[in-house]
Amino acid sequence: MKHLLTITELDNEEILDILHEAQQFLEGKAWVPATDKFVANLFFEPSTRTKFSFEVAEKKLGLHVLNFETHSSSVQKGETLYDTVKTLEAIGANAVVIRHPKDHYFDELVGGISIPIINGGDGCGHHPTQCLLDLLTIQQEFVIFQGLNVVIVGDIRHSRVARSNADVLKRLGANVYFSGPEQWMDDAMVGGNYLPMDEAVKQADVMMMLRIQHERHAFKMISSKEEYHQLFGLTIEREAMMKKQSIIMHPAPINRDVEIADSLVECERSRIFKQMTNGVAVRQAVLKRALQQKGEVVSIG
């Protein structure tokens, strides 16, 4: 059993192994388990990229997909998350992918659930597969992480992507900086590594833009989208100040002309849609890691 709950539980060697495996999947490697396997996707929050990326990855691996629908499940009758997952395990699921609005929802599962749990995002906590696909995108561009300047911009406090990425990028040797509204900074994460936006674009090898997470704000925190874009967004004028080889990333969904100018979303230095492509391969590698058991695996290609 190999859960993937946070990126912090993986050491650097395991991370690089998963990236290598994902790159092999991108280059045409195929792998299927020797016996039928069932994976249940439980998404308690809206999701397009993560949910369908997992589903495509599962189908590429020949897995049977159980798509859990919250509105038609026993959750509506008061069933707990633990009992839902325990039920899926009892009827034959071999792994579960869960996205949930509660931070560390998995704490109530670990110990009682015997199948792998893959965290598809928990509240403001962690998003390990997004982190891995971001790392793969950076690695494809720069090969090594040592010495790279990565600037994470925007709603840092409410971002599980920022939390996961900052931790592992530092471990791999990158210099991590933050920018955006100061009231959205997390002092424990940012420390003294804050850069004003106009300075950040000049320093960055990677500009990692974040979505404004209105749904996690207790009260309205910006006066207007236009003001945010001018003060903290990646405008056309700021993009012109970036280094020649630097790239733009964003976990999406994208608020065009808010975090990033509309015309930059698909510009030459944007890797936003490449990130989505990489996400399928990373999730294939993570699912393989979770399901692989000695002596029962068939590799093809």
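Reader: Which residue forms a salt bridge with R160?

Author: This is a predicted model. A salt bridge requires a side-chain nitrogen of Lys or Arg within 4 Å of a carboxyl oxygen of Asp or Glu. For R160, the closest N and O atoms of the pair are 3.3 Å apart, and the partner is E45.

Reader: How many salt bridges are counted between domain 1 and domain 2?

Author: The chain is divided into domain 1 (12-126 + 277-291) and domain 2 (128-271). E45 falls within the bounds of domain 1 and R160 within those of domain 2. The count between domain 1 and domain 2 is one salt bridge.

Reader: What area is buried between domain 1 and domain 2?

Author: The C-alpha centres of the two domains lie 26 Å apart. In contact across the boundary are 27 residues of domain 1 and 24 residues of domain 2. Carbon and sulfur atoms give 59% of the buried area, which is about 2,000 Å².

Reader: Which element gives the most to the lining of the second largest pocket?

Author: This pocket has a volume of about 220 Å³. Two elements give two or more residues each to its lining, α1 (12-26) and α10 (272-291). With four residues, the element that gives the most is α1.

Reader: How many charged residues does the lining of the second largest pocket have?

Author: The lining residues include K2, E14, D17, E21, K288 and R289, alongside I18, A285 and Q292. By class, two are nonpolar and one is polar, while the charged residues number six.

Technical notes. Residues are numbered from 1 along each chain as its sequence is written. This is a predicted model: local features need pLDDT of at least 70, side-chain atom pairs count only at pLDDT 80 or more; totals for chains, interfaces and linings use all residues. Side-chain values use heavy atoms; hydrogens and water are left out. On a 1 Å grid over the protein atoms alone, a cavity is a set of points where a 1.4 Å probe fits but cannot get out, and a pocket is an open set with protein on both sides within 12 Å along at least five of seven lines; lining residues have an atom within 4 Å of a point. Grid points are joined across faces, edges and corners, and a volume is the space filled by probe spheres set on the points. Ala, Val, Leu, Ile, Met, Phe, Trp, Tyr, Cys and Pro count as nonpolar, Asp, Glu, Lys and Arg as charged, and the others, Gly among them, as polar. Domain bounds come from an automatic or database domain assignment. Contact means heavy atoms within 4.5 Å. Buried area is the accessible area (1.4 Å probe) that two parts lose on being put together, summed over both.
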